[in-house]
Amino acid sequence: MRHLMSPLDFSVEELNQLLDLANDIEANPEKYAHACEGKKLATLFYEPSTRTRLSHEAAMLNLGGSVLGFSNADSSSAAKGESVADTIRMASCYADICALRHPKEGAAMVAAQNASIPVINAGDGGHQHPTQTLTDLLTIRSLKGRLDHMTIGLCGDLKFGRTVHSLIHALVRYPGLQFILISPEELRLPGYMRKDVLDRGGFPYKEVVRLEDALPHLDILYMTRVQKERFFNEDDYVRMKDFYILDAKKMKLARPDMLVLHPLPRVNEIAVEVDSDPRAAYFRQVQYGVYVRMALILTLLEIKV
Ligand code: NCD
């Protein structure tokens, strides 16, 4: 039985197969409409979510399966003190596969160790968010036609942003990529990511503070929100929250074929006026998130269509 804890759980070849499957689902949705009939997905969400929970649920419903779950720890037995290990044992009796989001790093791993069904890590604290990474890879590959030989700017809260950590882990396996890490000093990519992932792999990257300095060089700009819920003190959050605001004026510095991605939710970091720029790809990214989760569910349940 296979789980998804980190994007590294799939080899590059397996990832390519998964993305091919997602593109086939996009092109021929009716072919997959009954693939999961009789199967159930449990969504166990201990942290707020809109896209990740709903896109897992939409994915299972599009495959003809059904869904159950909770979207708030307070409405589950976690409020009575039940452990993740016990909750996942229950879910294993009710469902065939589950997606779990939890504020603690490593919670998904604990769930996987105690589950008798495949577990999808739908975000564990500031650590990993592998299904967002699958979404990002599918978006880039579908809209750019490749995942190699590009300059990718990652901007915003690189310290606490789990989507950035997962995406870097996944991308360092493709040739010819360069990263420009754009963040204030306080929100730099953690040392363990810089040293263990980028430096150790001899991977080319630059760190800059000003978005304007990076913009003209980028093929992809991956914007992120400042992760309010992971700050220890409100004043630090308030100081950082509007550090970057991408607006129409700044977009003039970017290449005509640069794509803007964002895992969403956006707060202030992308002005609404950018939404109508053809380079804004963040709402298309949401749609790709459903196709790739459909492909993931089929892959983990080992259902061939
Ligand atoms: C992200 C997350 O939860 O980490 N959201 C999402 O799943 N699309 C990004 C965020 O919350 O900023």
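## The four-stranded sheet

Two strands are counted as paired if DSSP finds at least two bridges between them. In this predicted model, four strands form an open sheet in the order E2-E1-E3-E4, and their pairing is parallel. Strand E2 (66-70) and strand E4 (119-124) are at the edges; each has a single partner strand, so one side of each has no neighbour in the sheet. From one strand to the next, the twist averages 15°.

Strand E1 (residues 40-45) runs parallel to E2, and five bridges join the two. Within this pairing, leucine 44 has phenylalanine 70 in E2 as its bridge partner. A helix also packs on the sheet: H4 (residues 107-114) touches strand E3 (97-102) and E4. The direction of H4 makes about 165° with that of E4.

## Two domains

The chain is divided into domain 1, which covers 7-128 + 289-300, and domain 2, which covers 131-285. Taken over C-alpha atoms, the centres of domain 1 and domain 2 are 25 Å apart. Where the domains meet, 32 residues of domain 1 are in contact with 23 residues of domain 2.

## Serine 55

Serine 55 is part of helix H2 (residues 51-62). Its relative accessible area is 8%, so serine 55 counts as buried, the limit for that class being under 20%.

Which residues does serine 55 contact, leaving aside its neighbours within four places in sequence? They are Val290 and Arg293. With arginine 293 there is a polar contact between the two side chains, at 2.8 Å.

## Cysteines and disulfides

A disulfide is a covalent bond between the sulfur atoms of two cysteines. To be counted here, a pair of cysteine sulfur atoms must lie within 2.5 Å. By this rule the model has zero disulfides.

Is cysteine 93 buried or exposed? With a relative accessible area of 65%, cysteine 93 is exposed, since that class begins over 50%.

Technical notes: Residues are numbered from 1 along each chain as its sequence is written. This is a predicted model: local features need pLDDT of at least 70, side-chain atom pairs count only at pLDDT 80 or more; totals for chains, interfaces and linings use all residues. Side-chain values use heavy atoms; hydrogens and water are left out. Buried means under 20% relative accessible area, exposed over 50%, partly exposed in between (1.4 Å probe, protein chains only). A polar contact is a pair of N or O atoms within 3.5 Å; within protein, one must be able to donate a hydrogen and the other to accept it, and residues adjacent in sequence count only if both atoms are side-chain atoms. Contact means heavy atoms within 4.5 Å. Axes are lines fitted to C-alpha atoms, for helices over the stretch in contact, and angles run from 0 to 180 degrees between N-to-C directions. Domain bounds come from an automatic or database domain assignment.
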